[in-house]
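This report is a guided reading for someone meeting the structure for the first time. Please keep the sequence and the model in view while going through the sections below.

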Amino acid sequence: MFSPFSRLRDDIRSIIQRDPAARNGWEVLTCYPGLHAVILHRWAHACWQLRLKWIGRFISYLARILTGIEIHPGATIGRRVFIDHGFGVVIGETAVVGDDCTIYQGVTLGGTTLVAGTKRHPTLERGVIVGAGAQVLGAFTVGEYAKVGSNAVVVKPVPAGATAVGNPAHIIRKEDQSRSAQLFAAYGVTASGDDPLSKALRALVDHVARQDEQIERLTDTMREAGLCCPKVVEGDKLDSEQLNRLVD
């Protein structure tokens, strides 16, 4: 069984390993609100389990004022969880955050039902990374070492090792590791060019434009050869550049 001090040492060590801006343990202990929020949550959660629920809620309220991070005392937070920057993070009552997870600022682990006493919030398994501004909403599981890109809106399960990006989120399977690495972004707005749906639409637009060119060349060749080629009523030509700008 781990003592509070050993857990604290684990937390500090894991933050130094994951954040290149962390220079030493003292700086992490005194200046990292994500660590402070996790420590205060442990106190609040212990009170919650002892049925001292008002005290637990009050501690979580104080933690929100001090850190800008709101974690319901009923939520379960594992070991070595790193809330980076953390301002605006909201973690609901029935959420479960597994060991070694990383959560960036502006993330919501929220519910989509108002039925009390039921599992309403997501479960993050070991090693999950949730990018800034992402919304993970519902009582489902995000599998081990999965990644959720910045500003993604996830409303369905994410398989272990996969990457979820976009709004609504699209799942990139773990089999395509190189593509997943390119699509995942922990910070900022993910460019639409990285969104799988946008890529598919642009590919379709380009494909149709190439087909139009091929049809025009075939028609001209048939006419030059003296073959009968009924004239087709011409409409507006496809402007692939304009359509691609709309997709972006």
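## Nonpolar cores

In this predicted model, L124 touches V96, V97, G98, C101, I103, L109, V130 and V142, leaving aside residues up to four places away in sequence. L124 is also one of four residues, together with I91, L109 and V154, that touch the most other members of the largest nonpolar core, which has 31 residues. Apart from this core lies another, made up of 8 residues, among them L8, I12, V28 and L35. In soluble globular proteins, nonpolar side chains tend to be buried together.

A second open sheet is built from 6 strands in the order β3-β6-β9-β12-β14-β15, and here the pairing is mixed. At its edges stand β3 (82-83) and β15 (170-172), and because each has a single partner strand, one side of each is left without a neighbour in the sheet. Strand β9 (residues 129-130) pairs with strand β12 (residues 147-148) in the parallel sense over 2 bridges, with K147 in β12 as the bridge partner of I129.

## Backbone details in the loops

The peptide bond from N167 to P168 is cis, with omega near -5°, and P168 is found in the loop between β14 (163-165) and β15. H85, in the loop between β3 and β4 (90-91), has a phi near 60°, a positive value in a residue other than glycine; H85 is partly exposed, with a relative accessible area of 49%.

D100, which lies in the loop between β5 (96-97) and β6 (102-103), likewise has a positive phi, near 65°.

## Salt bridges

A search of the whole structure finds 10 salt bridges. The side chains of D100 and R80 meet in one of them, at 2.6 Å from N to O. This pair links distant parts of the chain, since D100 is in the loop between β5 and β6 whereas R80 is in the loop between β2 and β3, 20 residues apart. At 23% relative accessibility D100 counts as partly exposed, while R80, at 18%, counts as buried.

Another salt bridge joins E93 and R120, whose closest N and O atoms are 3.1 Å apart. E93 lies in the loop between β4 and β5 and R120 in the loop between β7 (108-110) and β8, so the pair ties together parts that are 27 residues apart in sequence. E93 counts as partly exposed at 27% relative accessibility, and R120 as buried at 15%. Salt bridges that share partners also join D10, R13, R79, R80, D99, D100 and R126 into one network.

## A nonpolar surface patch

On the surface, L50, L52, W54, I55, F58, Y61, L62, I65 and L66 form a nonpolar patch, with about 960 Å² of accessible area together. F58 has its place in helix α4 (residues 53-67) and is partly exposed, with a relative accessible area of 37%.

Terms used
Residues numbered from 1 in each chain as written. Predicted model: local features only at pLDDT ≥ 70, side-chain atom pairs only at ≥ 80, totals over all residues. Heavy atoms only, no water. Patch = residues over 30% accessible without salt bridge, like charges linked within 9 Å, V, L, I, M, F, W, Y side chains within 5 Å. Areas by Shrake-Rupley, 256 points an atom, 1.4 Å probe, with all protein chains shown as cover. Salt bridge = Lys/Arg side-chain N within 4 Å of Asp/Glu carboxyl O. Helix = DSSP H or I, 4+ residues; strand = E, 2+ residues; numbered from the N terminus. Buried < 20%, exposed > 50% of the residue type's maximum accessible area, 1.4 Å probe, protein only. Core = buried A, V, L, I, M, F, W, Y, C linked by side-chain atoms within 4.5 Å. Contact = heavy atoms within 4.5 Å. Pairing = 2+ DSSP bridges.
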